[in-house]
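Dear colleague,

Please find below the structure that I am handing over to you, together with its sequence.

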Amino acid sequence: MSFYQKNIEAIAKYHPRFLSFLPQHQVISRTDPTEFLSIRDWLRRAVDPQSTQVILMGIGKGIPIKLLFRYVAVTNFIIIEQSVERFAEALAREDFTAEFANRHVVWLIGVPASRMETGLKFVKTSLAAHGFQLLQEPSALREHPTYYNAAAREIRKIMVLESFHLRARLARAHLVQRNLIRNVSVILNSCTPDTVVNLFSHSPAFIIAAGPSLDKNVVHLKKAGERGILFCVDTALRTLQNHEIQPHVLITCDPTAENVRHFDGIDLSEDILFAFSPDVHEEIPRRYDRLPHRLCLLDQSARIAFWLKEFFGFHYLLDRPMHVSEAAIYLALFMGCDPIIFVGLDLALPVSGGATHTAFGAHSSLIREYSDTIIKVQTKEGQLTEHAVVKVDGQNGLPVPTFYSFQIYLTKLEELIATKNVSWIDATEGGALKKGSRIQSLEQTVDHLESLDFSVWERIRSLQPTDKVKIEFSKSALQDCLAHGKDMMNLVDQAASGNLCEQEAARVWWNFLKDSQIRTLLDHAVFPYQLLPSIDQIANENRAEFLRKQSRDAAALMKEYLSLWEREIESIHFTNHVRKT
């Protein structure tokens, strides 16, 4: 059987989607005796032998793939080839049956440069955690420089965002896990995303953020509530209240204790829709647990959200935001709003100095000095801190300074603007340019809108939270998950004590990482362990010690969090409150 036929059989088994564009007959591939030597010499110069994750852009005639496995102990191998014809030629030259069967090899054949994100979906976290080497095969780069350079830029952009997200997720993993557990009763007693899909279809949405420009034009929001939906982030709430402006929707997301400061001394109207992330700091939803209209922003980052989706039979989960303003935008889009209007969304620092945020915000600091790369700010408590800054395009056409995190938020926002078929208006009146949005003053924007032909408050009052029966059923189901978790904890503890053979300990470890019920209860706490090398990547002589050590840590972690789950599950009860009229 020819290489091509063997490869086609392997493709049919492991990558059947490739069959739709591959010829079924043998492709003629001419042999160049010097090609092997040329590729070998290039790889010897280019490859870092310490790299365990490699992205190969361009496969030549297949030789680089085979040689890379000789030179590097590859744990993740991403192969990108623009040309289907070149791929077919390689199939005739080399036997790739082992590579097609290897789950650590990702084949991106004919994928547009702009869609690298989709192809890297399941490996980008590992790439960000452990680093990678990107190799561009010389002949492919010569033939298709535009494609491969664009793909390389896209990959680097993806990895910057993923690295930023990964650092935040690791730093907050245990905080987020605790909040999720402590918030479970409030989550169950709140509305789910299904109840608000297209709730405000084709209605204007004002996304009110806490940038310093909000202090200049907030007064124009007084009549905006009759002409659109006011989505207010927690950091901007105090500014609106000080101007006697009542938002329709309040959004809060931050899991840290710092976020609680935004609510110090704040009373919320029973009319408001209180929208919170499931991992927001536990004190915030508990403080307002008697509000009749609560919406849990269940998103795709938490396994318990998928569990609830399946258990309750609802259809939607929201996209996971990087910050609270993005959460407000996602929610407005989910509710069907159009246009989306930015207010106070500076994502940049004022060139003339002043405050970093709206003056009434708890996190607002005064800019004391800055250069092209460094800014020094003074908090309200008098603490002086130093931050790195970068320059981005400003609304006024000139570069403006911003925090590195804001630049990342801006990049992601511009991608969202480019992909969503709604109108975008930037009424921030300052700050960074948001490419794809129309710049317009807030006063002009409000004046051009007609009054809404429905009552926003009536629609919010129409929302139906989870009923008592479902809450009782979910409590029982969580108790079943907890019992399963305790059984798993006992097995992990046995592995930690060395009471299991290596093969059985490895099976227990695998189940700990992958078990769906464990992921439901402990997803964020387990996540750091999932970044460790898999068992088959550990040297044979080190596996037993690896399993004992990691199992000891995991058993202690499970004991802590399962005890917390037990207390919180026991306290779950129906607490929905009907607004008195």
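**Findings**

Asn198 is located in the loop that runs between helix 10 (184-188) and strand 5 (205-208). Here helices (H or I, at least four residues) and strands (E, at least two) are DSSP runs, numbered from the N terminus. The model is a predicted one, in which local features need pLDDT of at least 70 and side-chain atom pairs count only at pLDDT 80 or more, while totals for chains, interfaces and linings use all residues. Residues are numbered from 1 along each chain as its sequence is written, and side-chain values use heavy atoms, with hydrogens and water left out.

**Backbone details**

Although Asn198 is not a glycine, its phi is positive, at about 60°. Asn198 is partly exposed, with a relative accessible area of 45%; the classes are buried (under 20% relative accessible area), exposed (over 50%) and partly exposed (in between), with a 1.4 Å probe and protein chains only. Leu347, also a residue other than glycine, has a positive phi near 50°. Leu347 sits in the loop between strand 10 and strand 11 (354-355) and is buried, with a relative accessible area of 8%. A cis peptide bond leads from Asp338 to Pro339, with omega near 5°. Pro339 belongs to the loop between helix 15 (324-334) and strand 10 (340-343).

An open sheet is formed by 8 strands in the order 9-8-7-6-5-10-16-17, with parallel pairing; two strands pair if DSSP finds at least two bridges between them. Its edges are strand 9 (294-296) and strand 17 (438-439), each of which pairs on one side only. Strand 9 is joined to strand 8 (residues 273-276) in the parallel sense over 3 bridges, and Phe274 stands opposite Arg294 in strand 9.

Strand 5 runs parallel to strand 6 (residues 229-233), joined to it by 4 bridges. Ala205 faces Ile229 in strand 6, and its bridge partner in strand 10 is Ile340. In a regular strand the side chains alternate between the two faces of the sheet. In strand 5, Ala205 and Ile207 point one way and Phe206 and Ile208 the other, and all are buried.

**Nonpolar cores and a surface patch**

A nonpolar core is taken as a set of buried Ala, Val, Leu, Ile, Met, Phe, Trp, Tyr and Cys residues joined through side-chain atoms within 4.5 Å. The largest such core has 143 residues, of which Phe206, Leu221, Phe231 and Ile251 touch the most other members. Helix 22 (residues 543-570) supplies the largest share of this core, 11 residues. A separate core, of 32 residues, includes Tyr4, Val47, Ile65 and Leu91.

Neighbours within four places in sequence aside, the contacts of Ile251 (heavy atoms within 4.5 Å) include Phe231, Val233, Ala275, Leu297 and Leu331.

Helix 4 (residues 84-93) is mostly covered, with 7 of its 10 residues buried. Among its buried residues are Arg86, Phe87, Leu91 and Arg93.

**Salt bridges**

The structure holds 28 salt bridges, a salt bridge being a side-chain nitrogen of Lys or Arg within 4 Å of a carboxyl oxygen of Asp or Glu. One of them joins the side chains of Lys412 and Glu326 (3.5 Å, N to O). Lys412 lies in helix 16 (residues 404-419) and Glu326 in helix 15, so this pair ties together parts that are 86 residues apart in sequence. Both Lys412 and Glu326 are buried.

Lys486 and Glu566 also meet in a salt bridge (3.0 Å, N to O). Lys486 is in helix 19 and Glu566 in helix 22, so the pair ties together parts that are 80 residues apart in sequence. Lys486 counts as partly exposed at 30% relative accessibility, and Glu566 is partly exposed with a relative accessible area of 39%.

Within helix 22, Glu545 and Arg548 lie 3 residues apart, about one turn of the helix. Their salt bridge has its closest N and O atoms 3.2 Å apart. Finally, Arg182, Glu282, Arg286 and Glu568 are linked in a network of salt bridges.

With kind regards
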